[in-house]
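Here are my notes on this one, point by point. Have the model open while you read.

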Amino acid sequence: QVQLVESGGGLVQPGGSLRLSCEASGNIFSINDMSWYRQAPGKRRDLVAEISASFNTYYAESVKGRFTISRDNAEKAVYLQMNSLKPEDTAVYFCNADLRTAAGLGNYWGQGTQVTVSS
(Lines give C-alpha, C1' and ligand atoms only; values in the text may rest on other atoms or scores of the structure.)
Protein backbone atom coordinates (compact mmCIF):
# COMPACT_ATOMS: atom_id res chain seq x y z
CA GLN A 1 0.00 0.00 0.00
CA VAL A 2 1.35 3.39 -0.99
CA GLN A 3 1.43 6.00 1.73
CA LEU A 4 3.06 9.24 2.83
CA VAL A 5 4.11 9.59 6.46
CA GLU A 6 5.03 12.96 7.99
CA SER A 7 7.09 13.58 11.11
CA GLY A 8 8.83 16.44 12.88
CA GLY A 9 5.95 18.60 14.07
CA GLY A 10 5.68 19.93 17.57
CA LEU A 11 5.56 22.97 19.82
CA VAL A 12 8.13 25.71 19.28
CA GLN A 13 8.55 29.27 20.50
CA PRO A 14 8.28 32.22 18.11
CA GLY A 15 11.57 32.66 16.27
CA GLY A 16 12.39 28.98 16.58
CA SER A 17 12.90 26.30 13.95
CA LEU A 18 11.44 22.94 13.02
CA ARG A 19 12.21 20.45 10.27
CA LEU A 20 9.36 18.41 8.84
CA SER A 21 9.98 15.14 7.01
CA CYS A 22 7.73 13.10 4.75
CA GLU A 23 8.62 9.67 3.45
CA ALA A 24 6.79 7.76 0.74
CA SER A 25 6.54 4.00 0.99
CA GLY A 26 5.10 1.21 -1.11
CA ASN A 27 5.62 0.03 -4.67
CA ILE A 28 6.48 3.42 -6.18
CA PHE A 29 7.96 3.66 -9.67
CA SER A 30 8.69 7.38 -9.64
CA ILE A 31 7.81 10.63 -7.86
CA ASN A 32 6.92 13.86 -9.63
CA ASP A 33 6.02 17.05 -7.71
CA MET A 34 6.20 16.98 -3.91
CA SER A 35 4.56 19.65 -1.78
CA TRP A 36 3.75 20.85 1.70
CA TYR A 37 0.34 22.30 2.54
CA ARG A 38 -1.00 23.63 5.81
CA GLN A 39 -4.40 24.10 7.34
CA ALA A 40 -5.17 26.23 10.37
CA PRO A 41 -8.41 25.70 12.34
CA GLY A 42 -11.40 27.01 10.44
CA LYS A 43 -9.34 27.84 7.35
CA ARG A 44 -8.76 26.20 3.99
CA ARG A 45 -5.75 24.05 3.20
CA ASP A 46 -3.13 26.21 1.46
CA LEU A 47 0.02 25.41 -0.50
CA VAL A 48 3.16 26.31 1.43
CA ALA A 49 5.95 25.07 -0.82
CA GLU A 50 6.47 22.77 -3.77
CA ILE A 51 9.46 21.07 -5.39
CA SER A 52 9.44 19.45 -8.81
CA ALA A 53 11.25 16.33 -9.92
CA SER A 54 13.88 18.63 -11.44
CA PHE A 55 14.23 20.50 -8.12
CA ASN A 56 12.45 23.69 -9.15
CA THR A 57 10.83 25.24 -6.10
CA TYR A 58 7.86 27.45 -5.30
CA TYR A 59 7.04 29.18 -2.02
CA ALA A 60 3.99 30.99 -0.75
CA GLU A 61 4.74 34.66 -0.13
CA SER A 62 4.12 34.28 3.59
CA VAL A 63 7.03 31.82 4.01
CA LYS A 64 9.58 33.08 1.48
CA GLY A 65 12.99 33.56 3.04
CA ARG A 66 12.02 31.55 6.14
CA PHE A 67 11.12 28.07 4.83
CA THR A 68 13.16 25.78 2.59
CA ILE A 69 11.81 22.73 0.79
CA SER A 70 14.12 19.94 -0.30
CA ARG A 71 13.86 16.33 -1.46
CA ASP A 72 15.87 13.14 -1.53
CA ASN A 73 14.76 10.95 -4.40
CA ALA A 74 16.78 7.96 -3.20
CA GLU A 75 14.95 8.11 0.14
CA LYS A 76 11.60 8.99 -1.50
CA ALA A 77 11.40 11.89 0.93
CA VAL A 78 10.60 15.58 1.05
CA TYR A 79 11.57 17.97 3.81
CA LEU A 80 10.51 21.40 5.01
CA GLN A 81 13.00 23.41 7.05
CA MET A 82 11.08 26.12 8.88
CA ASN A 83 13.03 28.99 10.47
CA SER A 84 11.96 32.22 12.17
CA LEU A 85 8.61 30.66 12.97
CA LYS A 86 5.67 32.92 13.79
CA PRO A 87 2.43 32.21 15.66
CA GLU A 88 0.59 32.49 12.35
CA ASP A 89 2.52 29.46 11.08
CA THR A 90 0.53 27.33 13.52
CA ALA A 91 -1.35 24.70 11.53
CA VAL A 92 -1.51 21.07 10.58
CA TYR A 93 1.08 20.50 7.85
CA PHE A 94 0.33 17.96 5.14
CA CYS A 95 2.67 16.31 2.68
CA ASN A 96 1.43 15.82 -0.89
CA ALA A 97 3.02 14.01 -3.80
CA ASP A 98 2.32 12.83 -7.33
CA LEU A 99 3.39 9.19 -7.36
CA ARG A 100 3.58 6.77 -10.25
CA THR A 101 2.69 3.25 -9.20
CA ALA A 102 1.47 0.09 -10.93
CA ALA A 103 -1.98 1.72 -10.89
CA GLY A 104 -0.70 4.74 -12.79
CA LEU A 105 -0.07 8.36 -11.73
CA GLY A 106 -1.93 9.40 -8.60
CA ASN A 107 -1.98 12.21 -6.05
CA TYR A 108 -1.42 11.23 -2.44
CA TRP A 109 -1.71 12.96 0.96
CA GLY A 110 -0.07 12.27 4.28
CA GLN A 111 -2.02 12.24 7.53
CA GLY A 112 -0.66 15.59 8.70
CA THR A 113 1.58 16.75 11.51
CA GLN A 114 0.74 19.53 13.98
CA VAL A 115 2.99 22.58 14.23
CA THR A 116 2.26 24.98 17.07
CA VAL A 117 4.20 28.23 17.46
CA SER A 118 3.57 29.75 20.86
CA SER A 119 5.37 31.21 23.82
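1. First, a term: buried means under 20% relative accessible area, exposed over 50%, and partly exposed in between (1.4 Å probe, protein chains only). Strands here are DSSP E runs of at least two residues, and helices are H or I runs of at least four, numbered from the N terminus.

2. Some ground rules. This is a predicted model, in which local features need pLDDT of at least 70 and side-chain atom pairs count only at pLDDT 80 or more, while totals for chains, interfaces and linings use all residues. Residues are numbered from 1 along each chain as its sequence is written, and side-chain values use heavy atoms, with hydrogens and water left out.

3. Which strands does β8 pair with (pairing needs at least two DSSP bridges)? β3 runs antiparallel to β8, joined by six bridges, and Glu-23 has Ala-77 as its bridge partner there. β7 also pairs with β8 in the antiparallel sense, over six bridges, with Thr-68 opposite Gln-81. β7 and β8 make a hairpin with four residues between them, and Lys-76 in that turn has a positive phi of about 55 degrees.

4. Tyr-93 deserves a look. Beyond its neighbours within four places in sequence, its contacts (heavy atoms within 4.5 Å) include Trp-36, Leu-80, Met-82 and Val-115. Glu-6 and Arg-38 are also among them.

5. On to the largest pocket, with a volume of about 190 Å³. Of its 14 lining residues, Arg-38, Ala-40, Lys-43, Asp-46 and Glu-88 are the closest to its centre. A pocket here is an open set of points on a 1 Å grid over the protein atoms alone, where a 1.4 Å probe fits, with protein on both sides within 12 Å along at least five of seven lines; lining residues have an atom within 4 Å of a point. The volume is the space filled by probe spheres set on the points, joined across faces, edges and corners. β5 gives the largest share of the lining, three residues.

6. Last, backbone angles. Phe-55, in the loop between β5 and β6 (57-59), has a positive phi of about 70 degrees and is partly exposed at 45% relative accessibility.

Definitions and conventions:
Two strands pair if DSSP finds at least two bridges between them.
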